Amino acid sequence: MISACKKMFLSMLLATSLVTNLNGCDDGGNREPAPPDQGGPALDATFLRPDTQGPTEDATPRDGTAPSPDTALDMSIAPRGHTVFAFPIHPDDREHIHAGLIIGVDHDPTSTSRILCENYEGRGFPGCYDEHEGTDFMVWGGFETTDAQDIRVVAAAAGTITRIEDGHYDRCSGDLNTLDVDCNGHEMVANRVHIRHADGLQSRYLHLKKDSVLVSVGMTVQCGDLLGMVGSSGRSIAPHLHFELRDASGALLDPYSPDDNEMNSYWSRQRVADGLPAPICSP
Ligand SMILES: [Zn+2]
């Protein structure tokens, strides 16, 4: 039985010809041994760091490509007393992320009402599902896009790798009629990376492509370092990145502020011209 909310969401998905996920949640904490060290992360010199970049007028990545339609991105970041996060997708790949369907954190996970999830204002997101513990960034074109090119996932802030999973089947897909996730008989486990930041905040990156994880536990990464590639492993019906933020005690946080006021946001800037968070690393 599909709820009215899910039916509405499905109608919207079909109407917009989107192939998307309905459940990118944590898969429940698979603890299988981590694969061997696959070498260090490739430092991404194009990722934006305000302390190494020029003034506002000159704020394009070093390879000269614009990270977004912003051609004069304001690089300043107001200090906020906690780790600040950049958009966790490589600037050159963000054009493949659907800014119009960002599936956010459920602010009322205990609710079993027909509004399956609630944002800060108590309303359902455009697309959401109950108990979602992160933010989903969907890939335009789904597998067709991720088969044609890698969509690179990068560290949203500097920190230490605390957990990885890799090697799991990455072509899980969903039935839009039943919302069931099908991993073609494979175990439904998300390939993932967890990072602990200097102030204890934790960021998590789920559903990565099989054998794409480029970091290992204990490794230190800088903001913008490559972690892996967007895939569809675990509870995912289409390629997307599930970005999850938790405090030092493990409590769930929403990186978005309710009012677009960046002082209340964990993003360096939560919405720039293309509708996605800014690719600006904290100094
Ligand atoms: Zn998710």
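Student: Where is the place of Leu227?

Tutor: Leu227 sits in strand β10. Strands here are DSSP runs of E with at least two residues, helices are runs of H or I with at least four, and both are numbered from the N terminus. This is a predicted model, in which local features need pLDDT of at least 70, side-chain atom pairs count only at pLDDT 80 or more, and totals for chains, interfaces and linings use all residues. Residues are numbered from 1 along each chain as its sequence is written.

Student: Why does Leu227 count as buried?

Tutor: Because Leu227 has 25 C-beta neighbours inside 10 Å. Buried means 20 or more other C-beta atoms within 10 Å of the residue's own, exposed means 12 or fewer, and partly exposed is in between, with C-beta atoms placed from the backbone.

Student: And how far apart are Leu227 and Ile89 in space?

Tutor: Their C-alpha atoms are 9.8 Å apart, although the two are 138 residues apart in sequence.

Student: Which residues touch the most other members of the largest nonpolar core?

Tutor: Ala86, Val153 and Leu227, out of 52 residues in that core. The elements giving two or more residues to it include β1 (97-103), β4 (159-165), β10 (226-229) and β11 (240-246). The largest share, four residues, comes from β1. A nonpolar core is a set of buried Ala, Val, Leu, Ile, Met, Phe, Trp, Tyr and Cys residues joined through C-beta atoms within 7 Å.

Student: What is Ala86 in contact with, leaving aside neighbours within four places in sequence?

Tutor: Among them are Ala156, Ala157, Cys223, Gly224 and Ile280. Contact means that the C-beta atoms, placed from the backbone, lie within 7 Å.

Student: Different topic. How many helices and strands are in the protein chain?

Tutor: Two helices and twelve strands. The order from the N terminus is α-β-β-α-β-β-β-β-β-β-β-β-β-β. Of the contacts with a separation of 6 or more, 72% are between residues 24 or more positions apart.

Student: What is phi of His207 near?

Tutor: Near 75°, a positive value in a residue other than glycine. Most residues other than glycine have a negative phi.

Student: Where is His207, then?

Tutor: In the loop between β8 and β9 (220-221). Asp211 is found in that loop too, and its phi is also positive, near 60°.

Student: Are they buried or partly exposed?

Tutor: His207 is buried, with 28 other C-beta atoms within 10 Å. Asp211 counts as partly exposed because it has 15 C-beta neighbours inside 10 Å.

Definitions and conventions:
Two residues are in contact if their C-beta atoms, placed from the backbone, lie within 7 Å.
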